[in-house]
Structure formats: C-alpha cells, structure tokens
Amino acid sequence: MKTNSSAKKRFKITGTGKIKRKHAFKSHILTKMSKKRKRNLTYAGQVHAADEKNIKLLLNMK
C-alpha cells in the first residue's frame, strides 16, 4: 500500500508516536487578524486523538 502524498507533506510523527500538524489560516489576508492570533497559528499543533487512526492509515503506519 502506498503512502498518501498529501498526508506525508502535512503531518510528521513525533518520537512518542503522536502526529504533529500545522495550523490553517496563516497564508494570506492576515491584516484583519490580531498579532496574538497570528503568533498562535505559527506554532505546530497535535492531531486530535479521534483523527489519529485515519491519518496513520494515510501514512501507512497501521
């Protein structure tokens, strides 16, 4: 089974097996956002536990 190309570009696996992701809404039209919101969107987040199973299937990690 092949790894899903779009998933491998968007997600990274941490050393403990959790999945890192980037936040959305940080590419353009940023003038209406507050500094605090833009700053918080900069940092990576974690995938919710309910979605981990599906993403691991996309990354071919059973």
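A residue is called buried when its relative accessible area is under 20%, and exposed when that figure is over 50%. Keep those two cut-offs in mind for the views below, which come from a predicted model.

**View 1**

**View 1. Three helices and three strands, in order.**
Count the elements and you get three helices plus three strands. Walk along the sequence and they turn up as α-β-β-α-β-α. The radius of gyration comes out at 14 Å, well over the 11 Å that the globule rule gives for 62 residues, so the protein is more spread out than a compact globule. Its C-alpha trace spans about 45 × 25 × 20 Å along the principal axes. As for who touches whom, take the contacts between residues at least 6 apart in sequence: 49% of them join residues at least 24 apart.

Is the Phe25 residue buried or exposed? With a relative accessible area of 63%, Phe25 is exposed.

**View 2. Ile29, in the loop between strand 2 and helix 2.**
Ile29 also belongs to the loop between strand 2 and helix 2. It isn't a glycine, yet phi of Ile29 is positive, at about 55°. Relative accessibility for Ile29 is 53%, so it counts as exposed, the cut-off being over 50%.

**View 3. Glu52, a buried charge in helix 3.**
Now for helix 3, which covers residues 49–58 and includes Glu52. Which side chain of opposite charge is nearest to Glu52? That would be Lys56, 4.3 Å away. A salt bridge needs a side-chain nitrogen of Lys or Arg within 4 Å of a carboxyl oxygen of Asp or Glu. Glu52 has no salt bridge, even though it is buried. Leaving aside residues up to four places away in sequence, Glu52 touches Ile19 and Val47.

Key:
Residues numbered from 1 in each chain as written. Predicted model: local features only at pLDDT ≥ 70, side-chain atom pairs only at ≥ 80, totals over all residues. Heavy atoms only, no water. Helix = DSSP H or I, 4+ residues; strand = E, 2+ residues; numbered from the N terminus. Rg over C-alpha atoms; globule rule 2.2 N^0.38 Å. Contact = heavy atoms within 4.5 Å. Buried < 20%, exposed > 50% of the residue type's maximum accessible area, 1.4 Å probe, protein only. Lys, Arg positive; Asp, Glu negative; His and termini not counted.
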